Amino acid sequence: MREDDERLDDVITSMRARELGRKSVVVGDRVSLVGDTTGEPGALARIVRISERTSVLRRTADDDDTTPEGRLERVVVANADQLVIVSALADPPPRTGFIDRCLVAAYDAGIEPLLCFTKADLAGPGEVLDYYAELHLPYVLVRPDSDLAELREKLAGQISVMVGHSGVGKSTLVNRLVPAALRAVGVVSAIGKGRHTSTSAVALRLPRVGKKKGDPGWIIDTPGIRSFGLAHVSSDSLLHGFPDLVEGTVDCPPNCEHTANDVGCALDAWVAAGKADPRRLASYRRLLASRAGDGDPRDQAAETGPEEPQPHGRV
Ligand SMILES: Nc1nc2c(ncn2[C@@H]2O[C@H](COP(=O)(O)OP(=O)(O)O)[C@@H](O)[C@H]2O)c(=O)[nH]1
Ligand SMILES: [Mg+2]
């Protein structure tokens, strides 16, 4: 991404210079270029420096990736300001286990979350908003006939990363926000259930709409992110995604890990006293358990519990 505004839309082909060593360049990185930066056909620049990242969003490599990295955490997006968690209100229904996981990843990465509920023409947000009532999270509702002005306002001046399950309407939304993006809608490959057709993150510059002044922002589409590995997040950091539970841990014994097996964990009493929704504690503990487990990330599908439908089988 370029900083000098008048050349923001230039596309400059560049390659990593040898001095970068093994350091990888990811979407959102700010880089220093040398060489031919004219952007003319055939021009090639070199990336000689990656600026310090203000935020880092990681994911666990997919279980079915046969890469040598295996399940290592990989940086997918750098310097994002906002994580737009896209969730349909119906078809498929919202999965709070996935949203909770995204919230933890956002807070851990130092990125502000924004809930974006699509398919508001099919169902209302009452139930899911009730679940998050204590968190006072910013949210927007999207339906086919909404003008997206509210969403554009929240994206303005920001670098936003969009995540969400297959089928929730991400590509539809990106195409409406950035008509030139031409993202494939409703397409999944025939190989394997719900496989995405594309896995690389792509940054798209939001167009100016009407007479609005200022930077409309960037949106980063991440078709490849299907889960966030949280193995690197401590049980206390995991709590950042559950601010409604934090105060409840004050009376915990030292070194309490807050699992269901921790005798004397004060969270049980906190919930029993009606200070927080028991579903929130259950969700926190599912995340704790999935993080502790060394198993296949497919098992994370169990996180949302049997009470919720699992149309896509993965968190
Ligand atoms: N009713 C309704 N359907 C939608 C809405 N947004 C997307 N869809 C449909 O949901 C399906 C999946 O959309 P897509 O954009 O491919 O989802 P993605 O997998 O998240 O990229 C498509 O058939 C869309 O037409 C919406 O706001 N309301
Ligand atoms: Mg899509």
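Visitor: How many bridges join strand β6 to β7, and do they run parallel or antiparallel?
Guide: This is a predicted model. In it, strand β6 (residues 82-88) and β7 are joined by seven bridges, and the two strands run parallel. Within this pairing, P113 in β7 is the residue that stands opposite L83.

Visitor: What do β6, α1 and β7 make together?
Guide: They make a β-α-β unit, and the unit is right-handed.

Visitor: Is β7 mostly covered or mostly open?
Guide: Strand β7 (residues 112-118) is mostly covered, with six of its seven residues buried.

Visitor: What is the order of the strands in that open sheet of six?
Guide: The order is β8-β7-β6-β9-β11-β10, and the pairing is mixed.

Visitor: Which strands stand at the edges, and why is one side of each left without a neighbour?
Guide: The edge strands are β8 and β10 (202-205). Each has a single partner strand, so one of its sides has no neighbour in the sheet. As for the twist, the average is 25 degrees from one strand to the next.

Visitor: What about β9 and β11: how many bridges join them?
Guide: Strand β9 (residues 159-163) is joined to strand β11 (residues 218-221) by four bridges, and they run parallel. For example, M162 has D221 in β11 as its bridge partner.

Visitor: Which strands does α1 lie across?
Guide: Helix α1 lies across β6, β7 and β9, and it runs at about 175 degrees to β6. Helix α4 (residues 170-177) also packs on the sheet, where it touches β6, β7, β9, β10 and β11. The direction of α4 makes about 150 degrees with that of β9.

Visitor: Let's pick one residue. Where is V86 found, and is V86 buried or exposed?
Guide: V86 belongs to strand β6. Its relative accessible area is 1%, under the 20% limit, so V86 counts as buried.

Visitor: What is V86 in contact with, leaving aside its neighbours within four places in sequence?
Guide: With those neighbours set aside, V86 is in contact with C116, T118, M162, V163, G164, H165, V168 and K170. As for V163, its C-alpha is 5.9 Å from that of V86 in space, although the two residues are 77 residues apart in sequence.

Visitor: New topic: how many residues has the largest nonpolar core?
Guide: The largest nonpolar core has 49 residues. Those with the most contacts inside it are L57, L83, I85, Y132, F228, L245 and Y284. Helix α1 (residues 96-109) gives the most to this core, namely eight residues. Another core, of 20 residues, lies apart from it and includes L114, L151, V168 and A181.

Visitor: And the sheet of three strands: what is its order?
Guide: That open sheet has the order β1-β3-β2, with mixed pairing. Its edge strands are β1 and β2, each of which pairs on one side only. Its twist averages 40 degrees from one strand to the next.

Visitor: How many bridges join β1 to β3?
Guide: Three bridges join β1 to strand β3 (residues 45-50), and these strands run parallel. In β3, I47 is the bridge partner of R16.

Visitor: Where is D29 found, and what does its side chain reach?
Guide: D29 is in the loop between β1 (14-16) and β2 (31-35). Its relative accessibility is 4%, so D29 counts as buried. The D29 side chain reaches the backbone nitrogen of V26 at 2.8 Å. It also makes a polar contact with the side chain of R53, at 2.8 Å.

Visitor: Last one, for the protein chain overall: how many helices and strands?
Guide: The protein chain has eight helices and eleven strands. Of its 315 residues, 44% are buried. Among contacts with a separation of 6 or more, 64% are between residues 24 or more positions apart.

Technical notes: Residues numbered from 1 in each chain as written. Chains lettered and ligands numbered in written order. Predicted model: local features only at pLDDT ≥ 70, side-chain atom pairs only at ≥ 80, totals over all residues. Heavy atoms only, no water. Core = buried A, V, L, I, M, F, W, Y, C linked by side-chain atoms within 4.5 Å. Buried < 20%, exposed > 50% of the residue type's maximum accessible area, 1.4 Å probe, protein only. Pairing = 2+ DSSP bridges. Right-handed = clockwise from strand over helix to strand, strands pointing away. Contact = heavy atoms within 4.5 Å. Axes fitted to C-alpha atoms, helices over the stretch in contact; angles between N-to-C directions. Polar contact = N/O pair within 3.5 Å; in protein donor to acceptor, adjacent residues only side chain to side chain.
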